[in-house]
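Subject: Structure handover

Hello,

Here is the structure I promised to pass on. Please load it first, then read my notes below.

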Amino acid sequence: ITIYSRDTANAGVDRTLCAGLSTQVSTTGGTNWRWSPGIFANDSSIRNPILTPPKTTTFTVYVTDLYGCAPPDTDQIVITVFDTLRLNPINDTLVCDQTPLTFIASSIGGVPGTINYVWNPISLENDTLLFNADSAADLRVLANDLCGFKDSIDLKVKLKPKVSLLNPRDTTICYGNSISLN
C-alpha cells in the first residue's frame, strides 16, 4: 500500500507593485495548480506564473496532487498595486498687489510617503508654497514618487489692476450725501 500525503499550498508573502508592472509568484507542493483570478496571469495553470494585476488583487492558488487523493489545498497572496500619481488641480488666482498666498500641492495615487513636490521657478521642495504676490507669476508644481510616476500642473497668479484717483483731495461729506469724483 502506498499512502500519499496531502500537498500543501504556499503562495509566498504579500507583495507591492507599481501600476503597469508584473511580478512572478511561485507556490510549493502539488503537481497541478490553478491561480485565480487567472485573467491577470500569463498562465494560470503553472506553479510560477507572472501576474500583472491592474489594481490591488488577492490571488488564490489551488494545489492538487497527481493522484487526486484529497481536496485541493489553497493559499492566498495579496499583490498591492500603487496607482499612477496624479496631482489635484490648483486654481489660477487673481489677487491684489502684495497679497500673501499659500498654495498646497496634494495628489492621489502614487506610493504613500515617497511623494516629492517641487515648485518652479522657485525650486522649493515642499508640498506648501508661501508666495507674496508682488507681480504676476507663472508657477508649476512637479510631483514624483518611488515608482517613478510623475505629474505636473501649471497655475497663474494675476494681479488685479490698481485703482487710482486723478486729483485726490480730502473732502468731508455727511452720511447719505454723495460726491462726484472727476
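Proline 121 lies in the loop between strand 11 (116-120) and strand 12 (124-125). Strands here are DSSP runs of E, at least two residues long; helices are runs of H or I, at least four long; both are numbered from the N terminus. A cis peptide bond joins asparagine 120 and proline 121, with omega about 10 degrees. Serine 123 lies in the loop between strand 11 and strand 12 as well. Serine 123 is not a glycine, yet has a positive phi of about 60 degrees. Serine 123 counts as exposed, at 52% relative accessibility. The classes are: buried under 20% relative accessible area, exposed over 50%, partly exposed in between (1.4 Å probe, protein chains only).

Before you go further: this is a predicted model, where local features need pLDDT of at least 70, side-chain atom pairs count only at pLDDT 80 or more, and totals for chains, interfaces and linings use all residues. Residues are numbered from 1 along each chain as its sequence is written, and side-chain values use heavy atoms, with hydrogens and water left out.

Other backbone points

Most residues other than glycine have a negative phi, and most peptide bonds are trans. The bond from serine 36 to proline 37 is cis, with omega near 0 degrees. Proline 37 sits in the loop between strand 3 (32-36) and strand 4 (50-51). Glutamine 98 has a positive phi, near 70 degrees. Its place is in the loop between strand 8 (93-95) and strand 9 (99-104). Glutamine 98 is partly exposed, with a relative accessible area of 46%.

Overall form

The protein has 0 helices and 15 strands. Its radius of gyration is 31 Å, while a compact globule of 182 residues would have one near 16 Å. That radius is taken over C-alpha atoms, and the globule rule is 2.2 Å times the number of residues to the power 0.38. Along the principal axes, the C-alpha atoms fill a box of roughly 115 × 40 × 20 Å. The accessible surface comes to about 11,900 Å², and 52% of it belongs to carbon and sulfur atoms. Accessible areas come from the Shrake-Rupley method with a 1.4 Å probe; for residues, only the protein chains shown count as cover. Buried residues make up 29% of the 182. Contact means heavy atoms within 4.5 Å. Among contacts between residues at least 6 apart in sequence, 56% join residues at least 24 apart.

Nonpolar core

A nonpolar core is a set of buried Ala, Val, Leu, Ile, Met, Phe, Trp, Tyr and Cys residues joined through side-chain atoms within 4.5 Å. The largest one has 36 residues; Ile79, Phe103, Trp119, Phe131, Leu139 and Val157 touch the most other members. Strand 14 gives the most to this core, with 4 residues. What does valine 157 contact, leaving aside its neighbours within four places in sequence? The list is Thr93, Val95, Leu101, Phe103, Phe131, Ala133, Ala136, Ala137 and Leu139.

Disulfide

How many disulfides does the structure hold? It holds 1 (a pair of cysteine sulfur atoms within 2.5 Å). The disulfide joins cysteine 18 to cysteine 147, S to S 1.8 Å. The link is left-handed, with -85 degrees about the S-S bond. It links distant parts of the chain, 129 residues apart: cysteine 18 is in strand 1 (residues 15-18), and cysteine 147 is in the loop between strand 14 (137-144) and strand 15 (150-159). Cysteine 18 is buried, at 18% relative accessible area. Cysteine 96 is partly exposed, at 43%.

Salt bridges

The count is 3 salt bridges. The rule is a side-chain nitrogen of Lys or Arg within 4 Å of a carboxyl oxygen of Asp or Glu.

- Aspartate 154 and arginine 140: closest N and O atoms 2.6 Å apart. Aspartate 154 lies in strand 15 and arginine 140 in strand 14, so the pair ties together parts that are 14 residues apart in sequence.
- Lysine 156 and aspartate 138: closest N and O atoms 3.0 Å apart. Lysine 156 is in strand 15 and aspartate 138 in strand 14, 18 residues apart. Lysine 156 is partly exposed at 36%, whereas aspartate 138 is exposed at 51%.
- Aspartate 83 and arginine 86: 3.4 Å, N to O. Aspartate 83 is partly exposed at 38%, and arginine 86 is partly exposed at 36%.

Best wishes
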